[in-house]
Amino acid sequence: MDRDLLRQSLNFHGPSLLSLLRSEQQDNPHFRSLLGSVADPARGPPGQQQLPGRKERRVDNIEIQKFISKKADLLFALSWKSDAPTTAEVSEDNDDYYAVMPPLEQFMDIPTMDRRELFFRDIERGDIVIGRISSIREFGFFMVLICLGSGIMRDISHLEITALCPLRDVPSISNHGDPLSYYQTGDIIRAGIKDIDRYHEKLAVSLYSSSLPPHLSGIKLGVISSEELPLYYRKSVELNSNSLESYENIMQSSLGFVNPGVVEFLLGKLGIDESNPPSLMRGLQSKNFSEEDFASALRKKQSASWALKCVKIGVDYFKVGRHVDAMNEYNKALEIDKQNVEALVARGALYATKGSLNKAIEDFELALENCPTHRNARKYLCQTLVERGGQLEEEEKFLNAESYYKKALALDETFKDAEDALQKLHVYMQVILYFLLEM
């Protein structure tokens with residue numbers, strides 16, 4: 001079972017998912033061990049632990065959670081992990097990519113002792129912690145931890161967990177002087193975990209990047225500003241100032257929650273291969289499928305079908321002269337399927353009708369690039385190139401007009417309108433040249 005993926009799912013969906021997981025997976029030993037003391041039935045269901053004033057979750061989200069809880073043994077199986085490297089962790093979260101939430105335990109009534117126990121159970125060497133310097137001694141400085149800078153999100157700001165940064169793990173800022181003279185009580189410090197004494201609950205940290213694993217080695221250690229604190233911690237501070245805010249409202253207010261590319265981004269970040277295994281139906285777990293049967297290929301077909309429906313509506317609008325409505329439908333189709341040839345051709349025809357010939361040419365060329373055998377795309381492009389060439393002739397831009405006629409003939413050497421226009425232009429250019437030479 002993928003422990004980190006399970007916890008990230010719990011952080012996203014909140015306490016109600018934990019209750020459903022415990023109910024559906026009560027006979028699964030993997031989940032009981034992964035959820036640890038948080039899943040202890042003696043504490044009562046999370047629904048009873050919610051703070052007063054929190055709103056009930058929406059029905060559609062409950063249905064999603066029911067699905068996750070029933071399929072949990074498949075969803076969190078390690079077989080979903082791909083061989084591709086996951087997206088490297090960065091020093092700052094970005095709320096634009098996906099919804100970053102405060103730690104789950106902030107929405108639950110979990111005793112301080114249990115929070116400390118879970119923290120010391122899960123913390124590992126190489127993890128990043130952030131805290132404030134509480135005292136400076138000749139052998140190093142002590143810092144009180146306020147949050148984690150990598151791995152699992154935890155609410156530890158009120159647990160009074162102290163870590164020691166020995167003098168030998170403090171880099172010298174200059175070639176001379178005491179390394180500790182650079183630091184002051186109250187400074188916010190980002191450091192790497194170097195040693196852990198779980199029995200006595202003691203931590204030693206280092207400010208050297210060598211204390212971090214390779215994928216975190218680029219993160220700056222040492223003094224940081226409040227703006228560099230993790231986004232989830234800043235959100236947890238906001239939650240503390242407004243303790244009645246619901247999990248649902250906080251999640252939906254995040255810009256990343258409505259990011260249309262959030263699924264693809266998170267799959268890459270978590271290193272998950274969405275096609276292996278190809279299905280969550282237990283009977284299909286070990287079957288072989290062709291590429292066109294996978295979700296990505298089916299989604300592409302669905303998008304193309306949906307886009308064509310919009311094109312048809314747009315064509316109906318165009319026929320009755322409702323050009324604005326038609327353009328809206330064509331644009332909607334291209335938002336759904338940006339390479340939809342029929343939408344590009346229809347929009348190009350509308351642009352040409354309205355006199356926006358350059359835009360029409362762009363749409364026809366893109367349509368022909370996506371489907372070189374599309375007859376209407378080629379036909380309309382040739383016609384529009386000749387019409388645009390005529391406009392350039394009127395502007396006395398003869399060489400440009402000539403290039404448009406030649407381009408139309410290159411697409412269709414039998415296109416008589418382009419051939420006639422090019423011949424007339426050549427005759428006219430010869431006449432002009434003759435008069436210029438006679439002057």
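Visitor: Which helices each supply at least two residues of the lining of the second largest pocket?

Guide: This is a predicted model. In it, helix 10 (295-319) and helix 11 (323-336) each supply at least two residues of that lining. Helix 10 gives the largest share, five residues. The pocket has a volume of about 300 Å³.

Visitor: What makes a residue part of the lining of the second largest pocket?

Guide: A lining residue has an atom within 4 Å of a point of the pocket. Ser-296, Arg-299, Lys-300, Ser-303, Ala-304, Glu-335, Ile-336, Asp-337, Lys-338 and Gln-339 line the second largest pocket. The lining divides into two nonpolar, three polar and five charged residues.

Visitor: Why is Leu-20 called partly exposed?

Guide: Buried means under 20% relative accessible area, and exposed means over 50%. Leu-20 has 23% relative accessibility, which lies in between, so Leu-20 counts as partly exposed. This residue lies in helix 2 (residues 15-24).

Visitor: What does Leu-20 touch, not counting residues up to four places away in sequence?

Guide: Leu-20 touches Gln-65, Lys-66 and Ser-69. A touch here means heavy atoms within 4.5 Å. Lys-66 is 46 residues from Leu-20 along the chain, and the C-alpha atoms of the two are separated by 6.7 Å.

Visitor: Where do Glu-201 and Glu-396 lie, and what is said of phi in each?

Guide: Glu-201 lies in the loop between strand 4 (188-197) and strand 5 (202-206). Its phi is near 55°, a positive value in a residue other than glycine. Glu-396 lies in the loop between helix 14 and helix 15 (398-411). Glu-396 has a positive phi of about 60° although it is not a glycine.

Visitor: How do you know that the span of helix 14 agrees with 1.5 Å a residue?

Guide: The expected span is 1.5 Å times one less than the number of residues. For the 20 residues of helix 14 this should be 28 Å, and the end C-alpha atoms are 29 Å apart, which agrees. The buried residues of helix 14 include Ala-377, Leu-381, Cys-382 and Thr-384.

Visitor: How does the reach of helix 12 stand against the expected value?

Guide: Helix 12 (residues 341-353) has 13 residues and reaches 18 Å from its first C-alpha to its last. That is close to the 18 Å expected at 1.5 Å a residue.

Visitor: What makes helix 12 mostly covered?

Guide: A residue is buried when its relative accessible area is under 20%. Ten of the 13 residues of helix 12 are buried, so this helix is mostly covered. Among them are Val-341, Ala-343, Leu-344 and Arg-347. The buried residues of helix 12 pack against helix 10, helix 11, helix 13 (357-370) and helix 14 (375-394).

Visitor: How many helices and strands does the chain have, and what share of its residues is buried?

Guide: The chain has 16 helices and six strands. Buried residues make up 42% of its 439 residues.

Technical notes: Residues numbered from 1 in each chain as written. Predicted model: local features only at pLDDT ≥ 70, side-chain atom pairs only at ≥ 80, totals over all residues. Heavy atoms only, no water. 1 Å grid on protein atoms, 1.4 Å probe; cavity = no way out; pocket = protein on both sides within 12 Å on 5 of 7 lines; lining within 4 Å. Points joined across faces, edges and corners; volume = space filled by probe spheres on them. Helix = DSSP H or I, 4+ residues; strand = E, 2+ residues; numbered from the N terminus. Nonpolar A, V, L, I, M, F, W, Y, C, P; charged D, E, K, R; others polar. Buried < 20%, exposed > 50% of the residue type's maximum accessible area, 1.4 Å probe, protein only.
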